[in-house]
Amino acid sequence: MNISDWLTLRIEIALAVFILLQLIIKIFDLIRSNETWLRLNIAITFLIVLLGFTGNDSGSLFGGMFISTSFIIIEKTILAFATLLVLMQSYNWLKHHQHTPEFFMLLLTALLGMFLMLSANNILLFYLGLEMATIPVAALANFDLDKQRSSEAGMKMILSSAFSSGMLLFGISIFYGITGTLTISSWQEILRPGGLEVLALIFIMTGFGFKISLVPFHLWTADVYEGSPVSITAFLSVVSKGAVSFALARFLFNGVIMMQEFWVEILFLLSIITMTVGNLFAMRQTNIKRFLAFSTVAQAGYILLGLAGDPVNAPTSVVYFILVYMFSNLAALGVVEIVSFATQKEDLDDYKGFYNSNKKLAIVLMLALFSLAGIPPTAGFFGKLFLFTSGIHSASVVWLLFASLNLVVSLYYYMRLVRMMFSENNEKPLASIQSPLLSNIALIICSAGILFIGIFGGLYDYLHQLAK
Amino acid sequence: MLTGLLLLIPLLFMIVSLLMKGKQSGYVALVSSVVSLFISLCMAFTFQHDDTVQFELNYSWISSFGIHFHLGVDGISLILILLTTFLTPFIILTSLQKETDNSNVFFALILLMQAGILGAFTAMDSFLFYMSYEVALIPIYFICGLWGGENRIAVALKFFIYTLAGSLFMLVSIIYLYLQTPGNHSFEISEFYKLNLSSSQQSWIFWGFFLAFAVKIPIFPFHSWQPSTYTIAPTAGTMLLAGIMLKMGLYGLIRFVLPIAPEAVAHWNTLAILLCVCGIIYGSVIAIRQNDLKKLVAFSSIAHVGLIAAGIFSMNAQGIQGAMIQMFNHGVNAVALFFLIDLLERRSGTRLMDKFGGIASVNKRFAVVFAIVMLGSIGLPMTNGFVGEFLLLFGVYQWNMYAAMFAGLTIILGAVYMLRLYRNVFFGEISEASTSILSMSMLERIISYKLVALIILLGIFPNLLLNISAPAVNKLLNLIAHHSNLSSIL
């Protein structure tokens, strides 16, 4: 390996070194204060984000097992940035936690797993990355150590992900049997639609479906989101989901592009059920974390619509959407985290009159909900628009119609929460909350993202160019 | 350049106004609106009276998607720009008359709305139009939801979801048209004009746009959000809605529906005009039964805009020119009426008709002002309303005599409800509420005299406006004729 190969791997190497360093520091107990740990890790994650902007990105390593392009680097940077925001928001919670260092190691390991998964051109490396990205998060879901619900969430997550990995592996092994190779990009020349191929594809899609919580594989989502600490809910719903969506896009367009006609049909079915069920359930929730959980389930349905595009527009629109979705969802969950930490209240009804007691937080939450609902001129609108226009390429009219109707339905429940915040009559209104500085900065970044990403159209052009 | 300034000024002053406190923010907003007025007057004076698009500004926005930040002004836009910039100072002055909580946010929202509306009127790119159309919706939602009257949150939400859902259909139509454009695709409106759509395609496009604009205007039976929203909104909000915002829907009909789907309009306009005429009669009849003054004007507004929409759908020069001038006039009249009703309400604490009586003997000046505004709204000769309604009815008559007969009821029924209002409020015994209207302040006098002057001026010299829009309207009609020729050859 020469120096440029090392540079291709620079983000992963840096991350691995940092994780090991932290382990050593922990073993020798060199840092005692939780706050120092937090600052250190925020700095590390920031560094990883910066690394994404350096140097020449394309290359392939280890006999083509590991590939890297500018587009993949952008995806990684988005994930690292989302992790950074999650860390900033969890400052309050982690300050007094007894296992803070372990938290960071698990979180960063999961991130490393995602990076490997995204760069993998070998299906086994891909699988290892995926597992590496999942198992630590299951441990993290259990991180509210004295809460039973949190243990339940951890358990549910590990069981369901084990099941889905089984499905995935089964599909993978069939593909390996057909093609005789583990290299994803060489599959596209060999795989043609046929009975066995279709069976394998269904297994693999089921595996993916579990990971991005598509209906009917979503049953674990709401329980896990509700039981986990809010930071982990944020990490799961943005970073994990984003990473698997990117991976799905790469798999579909690099590995099985020749079966596009067939997988578009699968996407169609999954997408309309996901959107509809997600929306209908979101409407009925009383807990705000469950509410957001189901709304993210519905959002995944739109991502599938975007994937029904051509090989350039589909990945571009998905990456753009995840970026936008990251800002919107992290803003919403950030506010929920601040409120839930300060008052232990997580019911939708508690947010009645929120605007009167906490103007700034209410405005941030409102922006986030606007963006999730896709109301112009917020970034969420542009995200949805690009997904739709990408999907028009091969989506049927029924699909588009379902998606549009679901947009209207989701508009209703997002706006219902906005309405609650601005109404006045609440017998026990939330107290005025003093939010910590780092959380505030994270919320400001998210709000700025929601407001300006869409309006500065150059970003989409940039992604589009990289995807070519 | 001027167009860019026109959008930039309210946005910049919006930020300044947010940083101010109390009345100061209102004064900042006032300065901004006067500067905008000045800019738009500069445009009106340097405007070449022909059918070209002037004061253009064109930047690439999202180039891989063919979205441009393309602004421009032709005769049709200019009239509506003038309407917006003329009315905004009055709206801000009205709001300055009373104390508002969080007034910095309130005035900032008004300015944001002005920017959004001006963006919609100057957009030459359909995507930009859609964006501005929606941007204008968010501030008015908050103006209604935060500063409105009873039950405001539910009403504002209904209004918001209704219009947003309506415009979703427009978005779908725009994306469809975008995908029909040749080559690299473009959202330019002028590119859409060049498309040769089959008649079934045109029908889909027509209904997509129609649903969006029919909710906004509102055309019967899509009006159900309108009376409650007008009633609960603070006066400034009602003025913005009735005076300016619903013109975006009418403007959209002229800018998009007529030139892009002329065959479909010709095919469907019987139904559309029927709905408009229903709205005219329905709105007028309900207005006759109202006791709440604001509600009365809200319902009369359904009737008036119904006639304007009917004129547009009749697809001839008189109808469209009438719509152009009547859009302006209706804006002026509606704002004037709401201003006077707001004055009544501020002084006496009520706006129920039966609480008043005999104001004519208490305050003659006010009675005269109200009379002139009312006559303008009915459409008496020498007032602005007459010219517009005459042209509109003439246009509808050319399309179909019977439709014009029923549409003409707007004048008769208008006289009924307006004169009934005038009799109950201004004549008869002097009630307790009426005694509070003893005098008008200096500012109130200035505002009302200016509005009255505008009403009479445009009644006598309608050509001031008609000349601006005539070439652009002719171009539009040529475009429509060209389309139908093409299809007859094919």
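Predicted model: local features only at pLDDT ≥ 70, side-chain atom pairs only at ≥ 80, totals over all residues.

Colleague: Which class of residue, nonpolar, polar or charged, has what count in the contact of helix 4 with helix 15 of chain A?

Modeller: Helix 4 of chain A brings residues including A:F71, A:I74 and A:L85, while helix 15 of chain A brings others, among them A:V319, A:L323 and A:F327. By class, the contact between helix 4 and helix 15 of chain A has two charged, three polar and 13 nonpolar residues.

Colleague: Turning to the two chains, which helix of chain A gives the most to the side that touches chain B?

Modeller: The contact takes 26 residues from chain B and 32 residues from chain A, and the area buried between the chains is about 2600 Å², with 82% of it given by carbon and sulfur atoms. On the side of chain A that touches chain B, helices 17, 18, 19 and 21 of chain A each supply at least two residues. The one that gives the most, with nine residues, is helix 19 of chain A.

Colleague: How many residue pairs are in polar contact across the interface of chain A and chain B?

Modeller: By class, the side of chain A that touches chain B has 21 nonpolar, seven polar and four charged residues. The count of salt bridges between chain A and chain B is zero, whereas the number of residue pairs in polar contact across their interface, with both residues at pLDDT 80 or more, is three.

Colleague: Where in chain B does B:P221 lie, and what is omega for the cis peptide bond that joins B:F220 and B:P221?

Modeller: Most peptide bonds are trans. The loop between helix 9 and helix 10 of chain B is where B:P221 lies, and B:P218 has its place in the loop between helix 9 (199-216) and helix 10 (226-232) of chain B. A cis peptide bond joins B:I217 and B:P218, with omega about -15 degrees, and for the cis bond that joins B:F220 and B:P221, omega is about 0 degrees.

Conventions:
Residues numbered from 1 in each chain as written. Chains lettered and ligands numbered in written order. Heavy atoms only, no water. Contact = heavy atoms within 4.5 Å. Helix = DSSP H or I, 4+ residues; strand = E, 2+ residues; numbered from the N terminus. Nonpolar A, V, L, I, M, F, W, Y, C, P; charged D, E, K, R; others polar. Buried area = accessible area lost by both parts, 1.4 Å probe. Salt bridge = Lys/Arg side-chain N within 4 Å of Asp/Glu carboxyl O. Polar contact = N/O pair within 3.5 Å; in protein donor to acceptor, adjacent residues only side chain to side chain.
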